[in-house]
Amino acid sequence: MIDIKKISKTYFQGTQRIEVLYQLSLKVEEGESLAILGQSGSGKSTLLSLMSGLDMPDFGSITLDGLEINRLKQDELSQFRAETMGIVFQQYHLMSNLTALENVGIPLELRKDPDYNQAAMDALKLVGLSHRLSHFPSELSGGECQRVAIARAIVGKPKIILADEPSGNLDDDTGKDVMDLLFQLCQERKQTLILVTHNQELASTCDRMMILQKGQLQLAS
Ligand SMILES: Nc1ncnc2c1ncn2[C@@H]1O[C@H](COP(=O)(O)OP(=O)(O)O)[C@@H](O)[C@H]1O
Ligand SMILES: [Mg+2]
């Protein structure tokens, strides 16, 4: 489902050169869950943004569900992303001018799915937010925003879910509930899950754990 071959990514900040990823390769099977651990600044979010096609690697290739994403045109990539991927960003990235319900409906609206409203309501119910449908992000707590973001990621039943520290802003109990739900859904739907987390216990729930260090992924025990 995911085949990453020798990708490298370097950022330049003024004269400073930050080599974040170096010839990193990774394969993930359909339905597999993979946890990615690593220190702050090790490049975890960078890796997810490359996998989602929101940013480009300097070298190497990323193939998702048989398509090399960096060869797609911008509109093809947006379409592919809406159909294939659900993404939970570290900073939620909700649209501030849309309600919770409208935010969750976006991926299906992009696909012109006529049932997007009902599906968005169902997804919000799954994450325990049926009572917050018409709230705007500014009227929601951090944890609630995170749950809206998770609902948006799962609403279209995408083949791949990329989640960056999804429980980071939730209290322990809510975090566990939401993550249990995410794991359960991924299993039922045979979705591939890439989970970036600091939480060792959560990580060990995944089929495989890897650590990002020095620009590469290593198997974690
Ligand atoms: N757009 C950018 N421009 C310059 N440097 C960046 C940019 N994005 C990330 N970095 C740097 O790349 C490194 C990895 O960042 P990131 O992928 O966010 O790490 P993590 O998610 O593991 O904490 C950090 O040192 C960060 O400062
Ligand atoms: Mg990060």
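The model is predicted, and local features are reported only at pLDDT of at least 70, with side-chain atom pairs counted only at pLDDT 80 or more and totals for chains, interfaces and linings taken over all residues. Residues are numbered from 1 along each chain as its sequence is written, while chains are lettered from A and ligands numbered from 1 in the order in which they are written. Helices (H or I, at least four residues) and strands (E, at least two) are DSSP runs numbered from the N terminus.

An open sheet is formed by six strands in the order E6-E7-E8-E3-E9-E10, with mixed pairing; two strands pair if DSSP finds at least two bridges between them. Strands E6 (85-88) and E10 (216-219) stand at the edges with a single partner strand each, so one side of each is left without a neighbour in the sheet. From one strand to the next, the twist averages 20 degrees, where axes are lines fitted to C-alpha atoms and angles run from 0 to 180 degrees between N-to-C directions.

Within this sheet, E3 (residues 33-37) pairs in the parallel sense with E8 (residues 192-196) over four bridges, and isoleucine 36 has valine 196 as its bridge partner in E8. E3 also pairs in the parallel sense with E9 (residues 208-213), over four bridges; here the partner of leucine 37 is isoleucine 211. Strand E7 (residues 160-164) is joined to E8 by five bridges, again in the parallel sense, and alanine 163 stands opposite leucine 195.

Five of the five residues of E3 are buried, a residue being buried if 20 or more other C-beta atoms, placed from the backbone, lie within 10 Å of its own. Ser33, Ala35 and Leu37 point one way from the strand, and Leu34 and Ile36 the other way.

Another open sheet has four strands in the order E2-E1-E4-E5 and antiparallel pairing. Its edge strands, E2 and E5 (67-68), each pair on one side only. Nine bridges connect E1 and E2 in the antiparallel sense, and lysine 9 stands opposite leucine 21 in E2.

E1 (2-13), E2 (16-28) and helix H1 (44-51) each supply at least two residues of the shell around ligand 1. H1 gives the most, with three residues. The residues around the ligand include Tyr11, Gln13, Ile18, Val20, Lys44, Ser45 and Thr46, taken as those whose C-beta atom, placed from the backbone, lies within 6 Å of it. The shell divides into three nonpolar, eight polar and one charged residue; Ala, Val, Leu, Ile, Met, Phe, Trp, Tyr, Cys and Pro count as nonpolar, Asp, Glu, Lys and Arg as charged, and the others, Gly among them, as polar.

Note on methods:
Buried ≥ 20, exposed ≤ 12 C-beta atoms within 10 Å, placed from the backbone.
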